[in-house]
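Subject: The structure we talked about

Hi there,

Here is the structure for you to look through.

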Amino acid sequence: MSHYQAPLNDICFNLFDVWQLDKYWQQQSQLQELIEADTAKAILEEAAKICEQQLAPFSGDADKQGAQLKDGKVMLPQHYQTAYQSLTEGGWTSLSGDPQYGGMGMPKALSMMVDEMLCSADIAFSLYPGLTAGACVALLQHADEATKALYLPKMYSGEWSGTMCLTEAHAGSDLGIMRTTAKPADDGSYLLSGSKIFITAGEHDLTSNIIHLVLAKLPDAPAGSRGISLFLVPKYLPDSDGEPGERNDVSVGSIEHKMGINGSATCVLNFDYAKGYLIGEPHRGLACMFTMMNYERLSMGSQGLGAAERAYQNALAYAKDRLQGRITVKDANKAEPIIGHADVRRMLLNIKAMNEAGRTFATWVASLLDKAKYGNCPVSAQRANLLTPIAKAFMTDQGFDACVTAQQVFGGHGYVKEWGMEQLVRDVRIAQIYEGTNGIQAADFMLRKVAVDQGSVLLTLLAEIKAEMAATPIDAAASLHHYIGQLQSLTAELLAQDSRSQSGNACDYLTLVSYVLYGYMWYKNLAALQSTSHSESFTEAKQYTAAYYFERVLPKASGLLSVLRRDSAVMDKFATDHF
């Protein structure tokens, strides 16, 4: 059976030593009375207990039981009820919610660490509170005061949950061709008709009501994505007391039978003149929904990291225990633990180096969101916007690779269900696909985040990193300076290309930028070790892992630099008939 222990030491190292966020929290009037280091540690420790004791040991059972549809109702694995009740009673579903509506008001940097732990414990379960948190973000920023007062307290408390309903059978990422309609009703509401697919947590038995955020088109809507509006469609219409009342005309048509995350109910939802309420301005729904989706994309990064962390822990334990082969012992009747084999060490170090850099990166992006929110810092907002596609795409790519690599450490046992490794591979695979495939993330990064401003935000960031490294040089990270310079030059070359060429280079370019920024994350780790005190084993492990990254991982950037300087037009010279 797969086990899990929350990496609290590394989480706290990132929060308080690398990024020193406890100092930032104390500088913000909205946070200084709510959170400091000891409170944050207590929150993390309690969240870890739920993840380690109530979720992780039973994730295999949830995978086997799955979500079951019967007579229009979806039943979830039985232990989900107990675990969800623990979450709601502990206030975890309101961790980053606005205190005005009953939320705890904690910073995103802290809640993202809890997200990672939940994803390590059970990705499928994490989606239920995760989607609700994202829906709350959209409502908080775009709903009117009466709507917020009615819905947010119950969603923060976990009594009600939330979804986002975008995709249709014929319209995946091309939302402009959606067919769901919303017609004005006499009472100021709207009647929605249409079907949505791939709706995570679209129907279940965890909460007394489900609040759907639905994209649809008004009768006078302009063509394309500019004609999309956002509507709130409750499963049960609230009565005069704000409690679930009459059943709305929204129903589950089926649930998907998936490769993984089987405990998550992925639904086809049918809206048959279902009553809904406009959120935000007409025809501005996509912008409203992207408020939610940007937070969800960060959560995808947490899924990649969470699965990779659990995979690493189990692969490491197996490698220390499994006796196979002889390295130093020459006795044919004796075997040694496989962790002594060079290739096993390579696999484990690849995972460890990327996981720990990924955790530092996730903390950084979340802290930028906090600084944009609490400090009203436009530079932080720009950088969070720039880095979000990397958090979604690179962290999930690395998460899947880590799970496959950890499975390889197990050899044949990794292919057997009882060890839990094949489930991690199946569960994390979806993170590269939903919330915009990683190819779409790369195109977004290249075209809308970098090319749109001629690389201003990225190049300014890279220049600041070089200046920081010059002011505080660290010998072990010296090679990073070279790769930053190469990235700056290459970016200028790519910006001179047409958009078609940039699109062809987008995936490799995002990966290159990611490797360089992960190098910066290791630089920040080493810098933090110089100014803080930790155990000898912790310090040495960090130093050796950083050395491995700079010697064996970062040089992969050289290959990407070479590829990106070649002609991407060769892809278009290949006629469709040639495929």
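Predicted model: local features only at pLDDT ≥ 70, side-chain atom pairs only at ≥ 80, totals over all residues.

Rolling a probe the size of a water molecule over the atoms shows where empty space is left. A search of the whole structure turned up one cavity of 30 Å³ or more. The volume of this largest cavity is about 60 Å³. Its lining is made of G304, L305, A308, M354, N355, G358, M395, Q398, G399 and Y518. Three helices, α9 (285-321), α10 (342-374) and α11 (378-409), each contribute at least two residues to that lining. In terms of class, the cavity lining has five nonpolar and five polar residues, with no charged ones.

The largest pocket has a volume of about 1,100 Å³. It is lined by 41 residues, and those closest to its centre are S173, M293, R297, E435 and G436. Two or more lining residues come from each of α7 (123-142), β5 (190-200), α9 and α13 (438-450). The biggest contributor is α13, which gives seven residues. Sorted by class, the lining of the largest pocket holds 20 nonpolar, 13 polar and eight charged residues.

The second largest pocket has about 910 Å³ of space. Here 48 residues form the lining, and S96, K108, A133, V137 and Y295 are the closest to the pocket's centre. Quite a list of helices takes part: α5 (78-89), α6 (108-121), α7, α8 (145-157), α9, α10 and α11 each supply at least two lining residues. Of these, α7 has the largest share, with 12 residues. The lining of the second largest pocket divides into 26 nonpolar, 17 polar and five charged residues.

**A helix crossing**

Two packed helices are described by the angle between their axes and the distance between the axes. For α13 and α16 (residues 499-531), the axes come within 8 Å and cross at roughly 105 degrees. Angles of 65 to 115 degrees count as roughly perpendicular, so α13 is roughly perpendicular to α16. On the α13 side, the contact involves G439, Q441, A442, A443, F445, M446, L447 and V450. These meet S499, Q502, S503, A506, C507, Y509, L510 and V513 of α16. By class, the contact between the two helices has 11 nonpolar and five polar residues, and no charged residues.

**Salt bridges**

How many salt bridges does the structure hold? The count is 23. One to look up is D63 with R426, where the closest N and O atoms are 2.7 Å apart. D63 sits in α4 (residues 59-65) and R426 in α12 (residues 421-429), so this pair ties together parts that are 363 residues apart in sequence.

Happy to go through any of this with you.

Best wishes

Note on methods: Residues numbered from 1 in each chain as written. Heavy atoms only, no water. 1 Å grid on protein atoms, 1.4 Å probe; cavity = no way out; pocket = protein on both sides within 12 Å on 5 of 7 lines; lining within 4 Å. Points joined across faces, edges and corners; volume = space filled by probe spheres on them. Helix = DSSP H or I, 4+ residues; strand = E, 2+ residues; numbered from the N terminus. Nonpolar A, V, L, I, M, F, W, Y, C, P; charged D, E, K, R; others polar. Axes fitted to C-alpha atoms, helices over the stretch in contact; angles between N-to-C directions. Parallel < 35°, antiparallel > 145°, perpendicular 65-115°, else oblique. Contact = heavy atoms within 4.5 Å. Salt bridge = Lys/Arg side-chain N within 4 Å of Asp/Glu carboxyl O.
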